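Subject: The structure I promised you

Hello,

Here is the structure we talked about, ready for you to open. Have a look around first, and then read on for what turned up in it.

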Amino acid sequence: MRKKLVVGNWKMHGNLLENRQLLESVVTNVSNMHEKAQFAVCVPFPYLPSVQAMLQNTSVSWGAQNLSQFDKGAYTGEVSSGMLVDFACDFVIVGHSERRSIYGETNEVVAEKCAAAQRAGITPILCVGETYEQREAGITEKIIKEQLDAIIQSIGIDFFNQAVIAYEPVWAIGTGKTASPQQAQDVHAFIRKIIANQNSVIADVLLILYGGSVKASNAQELFMMPDIDGGLIGGASLVADDFVAICRAASQ
Ligand code: PGA
């Protein structure tokens, strides 16, 4: 049995006051749900210390949205895995489509970042997903396979022992368009099959989250699908009631 995981991806949103109000409400409302599901928020770097202070000893974990592939050095503006360890991050999102498309992160760079996170003992949430054009062209599976193969070839299948995958169709992110439960399930099953082809034990326990316009109104039907193990939530993670409702859907 895989325990569901719901992760908020705040992106570049929030401030000290809003974060406090949001987290106070989330912590109170999910405190009785953690037997059935796990919860986390991935926040902008500057807020890690205050989020750590608010969330330690609660049922909500925390993490970051990116990290450097390098451990230290002359990399102005970058943040290393060791720095995330200093703030006790459990998770780090790696290879989000916004990082790939706006900041040019290739499959190879994403693999290096995944390795850096794991070396530091932080669980990477590896994002994969196709664009609208790729889906229309019928190459969704090819794109996902390339994204996964980059990791398998450079790190090895054991990477997925201590990692989470988020399937996020790019056309569904922040657009209000959600993949249908069946569309998402089909890709999740495909992802699990790719991993199972190498190691069925790892595939059985691997958490595969769905992301892309998950809302309180569609979370339950998505989470009911057999290979959807929770969600990576953008916009709806900024509204306490919505995020809590999604957490509740995961803990049914
Ligand atoms: P969204 O974002 O829920 O706002 O679509 C999801 C994500 O980008 O992780």
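One definition before the findings: a residue is called buried when its relative accessible area is under 20%, exposed when it is over 50%, and partly exposed in between. Please also keep in mind that this is a predicted model.

**Aromatic pairs**

Let me start with the rings, where that definition is needed at once. A pair of aromatic rings is described by how far apart the centres are and by the angle between the planes. The count here comes to three aromatic pairs. In one of them, the ring centres of F70 and Y75 are 4.1 Å apart and the planes meet at 10°, so this pair is stacked. F70 has a relative accessibility of 34%, so it falls in the partly exposed class. Y75, at 35%, is partly exposed as well. Another pair is formed by F159 and F160, with centres 4.9 Å apart; their planes are at 85°, so the arrangement is edge-to-face. Both F159 and F160 are buried.

**The ligand**

Next, please go to the ligand. It has 13 residues around it, and the closest are K11, H96, E168, G174 and S213. By type, this shell consists of four nonpolar, seven polar and two charged residues. Which distances separate ligand oxygen atoms from the side chains of N9 and H96? For N9, a side-chain N or O atom is 3.4 Å from an oxygen atom of the ligand; for H96, the corresponding distance is 2.6 Å. The backbone takes part too, with a polar backbone atom of G235 at 2.9 Å from a ligand oxygen. On its own the ligand has 280 Å² of accessible area, and the protein covers 94% of it.

Most residues other than glycine have a negative phi. S213 is not a glycine, yet its phi is positive, about 55°. You will find S213 in the loop between β7 (207-211) and α10 (219-223), and with 14% relative accessibility it counts as buried. A88 also has a positive phi of about 55° without being a glycine. A88 sits in the loop between α3 (81-86) and β4 (91-94). Is A88 buried, partly exposed or exposed? Its relative accessible area is 35%, so A88 is partly exposed.

A88 leads us on to Q52, which touches it. Beyond its neighbours within four places in sequence, Q52 is in contact with W62, D86, F87 and A88. Q52 belongs to helix α2 (residues 48-55) and is buried at 17% relative accessibility.

Q147 lies in helix α7 (residues 140-154). With a relative accessible area of 9%, Q147 is buried. Its side chain reaches the backbone nitrogen of G129 at 2.9 Å. Leaving out residues up to four places away in sequence, Q147 touches R100, N107, V128 and G129.

Finally, have a look at A240 in helix α11 (residues 240-250). A240 is buried, with a relative accessible area of 15%. Although A240 and E24 are 216 residues apart in sequence, their C-alpha atoms are 8.9 Å apart in space. A240 also touches L22, S25 and V26, not counting residues up to four places away in sequence.

Enjoy exploring it!

Best wishes

Terms used. Residues numbered from 1 in each chain as written. Predicted model: local features only at pLDDT ≥ 70, side-chain atom pairs only at ≥ 80, totals over all residues. Heavy atoms only, no water. Helix = DSSP H or I, 4+ residues; strand = E, 2+ residues; numbered from the N terminus. Buried < 20%, exposed > 50% of the residue type's maximum accessible area, 1.4 Å probe, protein only. Polar contact = N/O pair within 3.5 Å; in protein donor to acceptor, adjacent residues only side chain to side chain. Contact = heavy atoms within 4.5 Å. Near = heavy atom within 4 Å. Areas by Shrake-Rupley, 256 points an atom, 1.4 Å probe, with all protein chains shown as cover. Nonpolar A, V, L, I, M, F, W, Y, C, P; charged D, E, K, R; others polar. Phe/Tyr/Trp six-rings, centres within 6.5 Å; stacked < 30°, edge-to-face > 60°.
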